[in-house]
Amino acid sequence: MSTWIDIAALDDIPLRGARMIKTALGCVAIFRTAGDEVYALDNACPHKGGPLAEGIVHGRAVTCPLHNWVISLETGKVQGADEGQVATYAARVENGRILLDRSFLRARAAA
């Protein structure tokens, strides 16, 4: 059985954009870079819980729309002088579809 679940078409997310995916265990932000790379992170900024899917995607980072914290899409770590981190999840693109590793749901349930 595959551990990957199909969540959306790559074209559903604009270049340098994001979408929030609701799950039974919380919201996940899916990001698409200018180079068609896809990343999945918790949707809440570690600072004040800002909705990261509404942030500005630049390079391999997103800037929180509330207080401009910059978060790495690759590691989930806050960049610059601020400190913090959000969880990241395995995501990939296959045949024009975005796939998310379903094991993240089990990991979130166990936490």
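Predicted model: local features only at pLDDT ≥ 70, side-chain atom pairs only at ≥ 80, totals over all residues.
Close-up 1. Glu37 forms a salt bridge with Arg60, the closest N and O atoms being 2.8 Å apart. The two residues are 23 apart and link distant parts of the chain. Arg60 sits in the loop between strands E5 (56-58) and E6 (61-63), Glu37 in the loop between E3 and strand E4 (38-42). Glu37 counts as partly exposed, at 26% relative accessibility. Arg60 also meets Glu74 in a salt bridge, 3.8 Å from N to O. This pair, 14 residues apart, again links distant parts of the chain. Glu74 lies in the loop between strand E7 (70-72) and strand E8 (78-79). At 47% relative accessibility, Glu74 is partly exposed.

**Close-up 2. The Arg32–Asp36 salt bridge.** The side chains of Arg32 and Asp36 meet at 2.6 Å, N to O. Arg32 counts as buried because its relative accessibility is 8%, where buried means under 20%. Asp36 is partly exposed, with a relative accessible area of 36%. The structure has 5 salt bridges by count.

**Close-up 3. Arg92 over Trp4.** Arg92 lies over the face of Trp4. The distance to the ring centre is 4.3 Å. The count of aromatic pairs in the structure is 0.

**Close-up 4. Cys27 in strand E3.** Cys27 belongs to strand E3, residues 26-32. Cys27 counts as partly exposed, at 31% relative accessibility. The C-alpha atoms of Cys27 and Asn43 are separated by 5.8 Å. Along the chain, Cys27 and Asn43 are 16 residues apart.

Notes: Residues numbered from 1 in each chain as written. Heavy atoms only, no water. Helix = DSSP H or I, 4+ residues; strand = E, 2+ residues; numbered from the N terminus. Buried < 20%, exposed > 50% of the residue type's maximum accessible area, 1.4 Å probe, protein only. Phe/Tyr/Trp six-rings, centres within 6.5 Å; stacked < 30°, edge-to-face > 60°. Lys NZ or Arg CZ within 6 Å of the ring centre and 35° of its normal. Salt bridge = Lys/Arg side-chain N within 4 Å of Asp/Glu carboxyl O.
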